[in-house]
Protein chains: 2
Amino acid sequence: MATISDAAQQTAIDMANARAATSIDHAQTRDFLHSAQGEWLKRQNIVRTLESDPIFDKTHREFMTRTDRYERALSMTNRIYELQEIHRWTNEETSLAIASLDEALPIALHNIAFQPVFFSQGSPSLIANYGPLIATRGILGCYLQTELGHGTSVSQLETTATFIPETQEFEINSPTLTSSKWWIGALGKTSTHGVVQAKLILPGGKDILENHKVLPGIIIGDIGPKALAGYSPTDNGFARFDHIRIPKENMLSKFAQVTDDGKYVQPPHAKLSYGGMLYIRANMVTGAGWLMAKAATVSLRYATVRRQGERGPDGLEKQTITYPSVYIRLLPILSHAYVFIQLGRTLLKSFDMMSKRLASGDTSLLAEMHATTSGLKVMVSTLGVHDLEVARRSMGGHGYSAFAGLGRLYADYLPSVTYEGDNFVLDQQVVRAALKSYKALFSLSPTPSASSLSPSSNYLRLLLPPSQPPQVTDSAWHDPAFAITLLEWRAAILVREHARTFADPDASVNQRVAKAVTEAFIAVQVGEIMKNLTLPAPTGDVVRSLYTLYLLTVVEGGLVDLLSFGLLRPGTNDNNNNNTHSGSSDPGRALRLHINRLCQELLPNAIGLSDAFGFTDWELDSALGVFDGKVYEALWARAQLEPLNQTEVTSAYEESIRPMLLRGQRQVAQARSKLGSKL
Amino acid sequence: MATISDAAQQTAIDMANARAATSIDHAQTRDFLHSAQGEWLKRQNIVRTLESDPIFDKTHREFMTRTDRYERALSMTNRIYELQEIHRWTNEETSLAIASLDEALPIALHNIAFQPVFFSQGSPSLIANYGPLIATRGILGCYLQTELGHGTSVSQLETTATFIPETQEFEINSPTLTSSKWWIGALGKTSTHGVVQAKLILPGGKDILENHKVLPGIIIGDIGPKALAGYSPTDNGFARFDHIRIPKENMLSKFAQVTDDGKYVQPPHAKLSYGGMLYIRANMVTGAGWLMAKAATVSLRYATVRRQGERGPDGLEKQTITYPSVYIRLLPILSHAYVFIQLGRTLLKSFDMMSKRLASGDTSLLAEMHATTSGLKVMVSTLGVHDLEVARRSMGGHGYSAFAGLGRLYADYLPSVTYEGDNFVLDQQVVRAALKSYKALFSLSPTPSASSLSPSSNYLRLLLPPSQPPQVTDSAWHDPAFAITLLEWRAAILVREHARTFADPDASVNQRVAKAVTEAFIAVQVGEIMKNLTLPAPTGDVVRSLYTLYLLTVVEGGLVDLLSFGLLRPGTNDNNNNNTHSGSSDPGRALRLHINRLCQELLPNAIGLSDAFGFTDWELDSALGVFDGKVYEALWARAQLEPLNQTEVTSAYEESIRPMLLRGQRQVAQARSKLGSKL
């Protein structure tokens with residue numbers, strides 16, 4: 001292996017060596033991740049178009065104010081739709097273009113909240129009037145639900161919509177400060193229209209004003225910057241309404257309706273309007289997968305070229321990826337990306353099937369989709385935020401530079417743990433669904449049967465006789481199917497335990513049960529993905545090992561539960577060292593050693609497995625994740641652009657630094673002259 | 001309890017009610033936290049001075065660019081020292097003033113890195129020449145250690161200092177890109193001088209230039225923005241030296257020296273220069289404690305006035321603090337603050353004792369202080385970052401507003417997990433010290449004796465015969481001493497296990513062992529704090545309960561270890577429900593129920609315990625943590641200042657939004673006219 005003494009040059013060599021050591025087939029893995037070669041080519045094509053266009057340049061992004069970022073976002077959005085016209089992109093391709101931007105564009109709220117709600121809940125005549133303009137963004141919308149004093153719980157909203165039969169109008173009003181609509185994406189400055197959730201009924205629409213000014217009687221503004229400078233380009237806004245009249249026909253009345261004489265007409269099914277929310281949650285799984293992919297790519301690349309600490313056999317400091325405390329943090333992130341990218345694909349297929357049934361009034365798949373997406377939303381958002389930070393932290397000091405690129409992704413992704421249903425609230429819904437299935441199962445006594453169980457509660461079959469928990473031997477960890485069964489057992493026993501102690505719960509039980517249930521569900525799905533894996537050897541074997549790593553690390557994370565219920569038991573623990581688990585009484589030891597061995601097997605393919613995501617340097621926008629490995633040149637080049645460096649002497653010098661220096665120098669001179677006069 | 005219907009008004013009532021429900025004595029608790037009434041009054045006085053001075057106004061901070069933040073920081077720094085002169089503050093009072101600013105000032109690097117290193121390692125003549133100017137900030141310094149390609153491991157540095165006997169000079173040189181000094185706080189734009197760590201020897205000092213320009217042959221600049229917009233006001237900088245000559249007498253030569261003919265003179269003890277690093281780490285414990293205190297204050301206040309979800313007996317939505325999933329997250333943070341504020345005080349006393357000994361060449365306390373501060377640095381930084389985010393997340397959607405205030409603290413504190421020794425590297429040092437003590441203990445066979453154990457390794461006494469692990473009964477959790485012993489057992493067994501399996505480690509063993517060792521050490525210290533607690537009832541009892549909560553939640557976090565080594569064992573687990581642990585086979589259940597009961601006992605005093613930290617609204621700078629509880633008014637008022645709101649129509653409208661709208665409208669018109677011509 002060639003090495004040279006200049007550390008900066010060595011990085012490129014290390015990266016090339018890592019690529020050369022890869023045994024998997026790059027194209028096969030890439031097409032597997034993108035579902036097919038055609039999809040990959042489509043994506044590559046779009047990214048090439050964007051990265052060659054100066055509008056999408058990222059060179060100065062880290063130095064911009066929030067107002068700059070907002071204006072740039074709008075300019076990029078306008079350009080995207082210009083490009084759509086020029087290149088005749090389909091809507092799907094345009095979505096792909098927006099998704100590849102790593103930028104929280106206000107238009108996202110039009111596309112994923114306003115437009116779907118309008119089309120799924122608007123009456124045919126309203127859709128005929130406004131639909132085409134909405135679809136072409138001839139008007140721009142937002143979705144006004146959350147209020148300053150109230151979360152997304154619709155029943156608690158204070159904004160009122162009062163029907164006025166005389167004029168066939170609704171009057172929208174904000175009676176209190178806390179009824180102000182708040183956090184509404186794209187409301188602050190961008191939107192021309194909005195769907196307003198209000199008490200009593202669901203009306204829609206403010207009129208187009210040619211000059212983009214706010215209608216009289218409405219106060220609208222931006223709610224201010226977000227934590228960690230996240231979501232800068234989005235104008236999350238507030239709105240207050242002072243008795244604003246809206247024509248009755250603007251109500252979104254496909255399901256719930258109001259008659260001309262003011263009578264309320266119930267929707268045929270209370271949950272018909274849930275589709276939009278489930279769609280957003282289902283999409284979050286795929287989104288999280290690709291975000292984890294970025295975290296893995298950047299951190300694995302940096303750990304491959306960063307050398308630090310002990311010297312290895314080549315006389316150089318060791319690559320940080322060779323340290324167990326580094327690879328044990330990064331390879332699981334890689335496995336998460338592979339899991340959630342595939343799982344997201346499965347989930348969107350299930351969602352499409354449910355939507356088709358829903359459109360014909362069939363709500364039979366809704367409860368299952370709701371339970372599944374609630375748990376998955378909690379899991380991917382919690383894990384995604386965690387992984388981004390674990391990856392950033394693995395990069396040591398340089399990881400804290402904005403140029404490392406992961407901090408920005410973290411800041412933008414962070415609200416995912418509280419939006420679209422706070423994770424701690426959604427946990428309760430997962431637990432409620434699990435308890436319902438448990439009770440339904442055992443209400444069938446004396447002969448409960450597993451046939452009634454849905455896929456998301458199928459693990460409960462294990463509680464039926466004559467099933468017995470498996471015996472754990474140290475060699476069992478070689479078999480991924482065993483890990484899956486163990487995770488199902490954990491979920492089943494935790495749900496049973498919670499049902500039995502329901503009257504006297506501890507304070508975190510919902511979190512533990514929901515996690516166990518969701519992890520069991522995902523584990524079974526991963527088992528399916530592994531079963532259906534058609535990648536030829538050696539690529540298939542490596543990818544299978546990566547999925548096994550996922551399963552085993554989840555088992556390790558669940559050890560408290562497994563040990564608490566005796567699914568795993570410690571060996572003897574005495575000074576004679578008569579132990580049972582790989583030379584130790586610790587039943588977790590064999591598992592951890594197996595995880596370590598899997599990691600060591602996977603290491604030579606870490607760069608190959610992350611290259612297969614196919615990110616370009618423009619997409620990653622990370623000085624530490626550059627494809628060629630030249631991280632120090634990249635950091636140096638980007639630092640030179642810092643605005644503070646554009647003048648040699650800071651303007652703070654005359655203003656503050658010089659007065660401070662002079663004060664100190666005067667004090668010293670005074671002290672010395674006092675001393676002199678004393679002598 | 002009085003309630004009214006306006007949710008915004010209700011917040012003030014809720015806060016007043018919570019204060020009225022407090023049973024602890026406010027002044028007693030406050031003085032306990034500040035160590036004495038006099039200390040509190042001193043601090044209050046300083047804060048009042050600062051918050052009434054417009055220089056320290058925070059109203060527009062969230063809207064500022066990094067350059068603005070930097071210039072403001074310097075202006076604040078200059079004002080602080082002006083105030084020191086005016087009010088004749090002691091240096092300690094001035095430090096207190098800086099610490100109360102919640103602003104990463106560049107001067108911190110002069111005060112905690114440059115100045116201590118200079119005074120502890122400079123020769124008497126160098127100190128005579130420069131000491132007074134440094135002490136009065138007549139020159140401003142930085143400490144140049146880390147390089148672009150190398151962390152803080154001094155042995156790997158590339159910068160060279162070559163002694164030139166002919167001229168009695170050192171020549172400082174940066175031979176490669178990666179030898180560039182990087183991340184150096186206050187180097188970018190602020191400092192006039194610096195201490196340079198270089199290969200071979202340790203020289204110091206660039207000359208004062210009246211115009212603040214950089215000396216010829218040196219390239220200096222700012223390294224650019226940090227992740228999450230953290231540390232904005234500090235000009236972390238880079239420097240490259242092109243054969244720069246420095247007079248020999250500028251070398252920091254108190255310990256290591258170079259003779260006039262170029263011979264190296266060893267320092268009397270290799271680690272005499274460690275003092276500065278240990279001082280910074282010891283200070284981090286106190287700093288973390290007060291940061292956790294801010295996180296607890298803001299989040300507990302918001303959870304007290306925020307109402308959401310189910311309606312309670314008063315007909316209003318419940319206060320979020322009443323939800324178990326909220327208080328189980330927040331009360332432990334409160335307990336961490338109480339632990340680390342007190343522990344930091346103890347530690348600084350030990351540090352002072354060690355420093356005095358060190359000054360006279362006695363290094364006997366150094367190893368112990370090193371082991372202790374390494375573990376504590378890892379613990380407080382990991383936990384501090386975690387607590388800030390847990391608190392922020394508990395506030396739901398509004399927690400993501402910059403005005404919530406915790407995001408800014410998080411961004412600034414985040415680098416603490418990688419600076420001053422990366423936490424994963426320090427873990428190894430903790431483990432190494434523990435193994436050394438273990439081996440020393442058992443090398444004394446056949447009669448090993450606990451008498452040789454230092455305080456930080458005293459838990460190893462448990463491994464000596466005839467000691468046997470305690471039996472855990474459900475009632476044992478009432479006794480904090482039991483929790484402490486259990487945590488010591490856990491540490492002892494993990495160290496023994498690691499020593500036995502040293503040749504075949506798993507990948508995360510250092511993290512687990514270091515955590516167990518440090519938590520045992522802290523637990524013993526908490527036991528001491530509780531023993532010495534002189535607060536009268538009822539305050540003393542409440543504070544004691546808070547410390548017990550700390551201990552029990554640490555035990556809960558260590559359950560995997562306790563279960564893996566049989567210190568806790570599951571009961572029988574069968575369908576007949578013949579269980580042993582509070583009606584369950586889960587040995588963690590009794591512990592979790594006890595934690596839950598402790599939380600419920602503590603809840604009425606949550607606001608009182610956090611009020612006792614004594615933060616003013618100016619110090620917290622959080623719309624959600626305002627003292628009077630009026631969070632919605634505060635959010636509303638701050639949003640009005642957002643720059644985007646200063647114009648009704650955004651400049652993005654003409655530029656981008658209008659073209660986009662017109663394109664969509666044109667497309668619809670074209671489609672309709674096509675359709676019309678077809679009809």
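Visitor: In this predicted model, which residues does A:G185 touch, leaving aside those up to four places away in sequence?

Guide: The model is predicted, and what follows is computed from it. The place of A:G185 is the loop between β4 (181–184) and β5 (193–196) of chain A. Leaving aside residues up to four places away in sequence, the contacts of A:G185 are A:L109, A:C142, A:T234, A:D235 and A:N236.

Visitor: Is A:G185 buried or exposed?

Guide: The relative accessible area of A:G185 is 9%. Buried means under 20%. A:G185 is therefore buried.

Visitor: Which residues does the UniProt annotation "binding site" cover, and why do they gather at one spot?

Guide: The annotation comes from an unreviewed UniProt entry and covers A:T146 and A:G185. They span 40 residues in sequence, but no two of their C-alpha atoms are more than 10.4 Å apart, so they gather at one spot. A:T146 belongs to the loop between β1 (141–144) and β2 (160–164) of chain A.

Visitor: What is omega for the peptide bond that joins B:P465 and B:P466?

Guide: B:P466 has its place in the loop between α12 (423–442) and α13 (480–500) of chain B. The bond joining B:P465 and B:P466 is a cis peptide bond, and its omega is about 5°.

Visitor: What is the phi of A:E420, and how accessible is this residue?

Guide: A:E420 is found in the loop between α11 (406–413) and α12 (423–442) of chain A. With a relative accessibility of 29%, A:E420 counts as partly exposed. Although A:E420 is not a glycine, its phi is positive, at about 55°.

Visitor: Where does B:Q168 lie, and what is its phi?

Guide: B:Q168 lies in the loop between β2 (160–164) and β3 (169–173) of chain B. Its relative accessible area is 25%, so B:Q168 is partly exposed. B:Q168 is a residue other than glycine with a positive phi, near 55°.

Visitor: Is α8(A) roughly parallel or antiparallel to α11(A)?

Guide: The axes of helix α8 (residues 275–305) of chain A and α11(A) come within 11 Å and cross at roughly 160°. Angles over 145 degrees count as roughly antiparallel. Therefore α8(A) is roughly antiparallel to α11(A).

Visitor: At what angle do α1 and α8 of chain B pack, and is the crossing left-handed or right-handed?

Guide: Helix α1 (residues 7–21) and helix α8 (residues 275–305) of chain B pack at about 115°, their axes 8 Å apart. Residues in the contact include B:D14 and B:M15 of α1(B) and B:R301 of α8(B). The crossing of α1(B) and α8(B) is right-handed.

Notes. Residues are numbered from 1 along each chain as its sequence is written. Chains are lettered from A and ligands numbered from 1 in the order in which they are written. This is a predicted model: local features need pLDDT of at least 70, side-chain atom pairs count only at pLDDT 80 or more; totals for chains, interfaces and linings use all residues. Side-chain values use heavy atoms; hydrogens and water are left out. UniProt positions are given in the numbering used here, feature names are shortened, and annotations may be inferred rather than shown by experiment. Helices (H or I, at least four residues) and strands (E, at least two) are DSSP runs, numbered from the N terminus. Buried means under 20% relative accessible area, exposed over 50%, partly exposed in between (1.4 Å probe, protein chains only). Contact means heavy atoms within 4.5 Å. Axes are lines fitted to C-alpha atoms, for helices over the stretch in contact, and angles run from 0 to 180 degrees between N-to-C directions. Angles under 35 degrees count as roughly parallel, over 145 as roughly antiparallel, 65 to 115 as roughly perpendicular and the rest as oblique. A crossing is left-handed if the near helix is turned anticlockwise from the far one by less than a right angle, and right-handed if clockwise.
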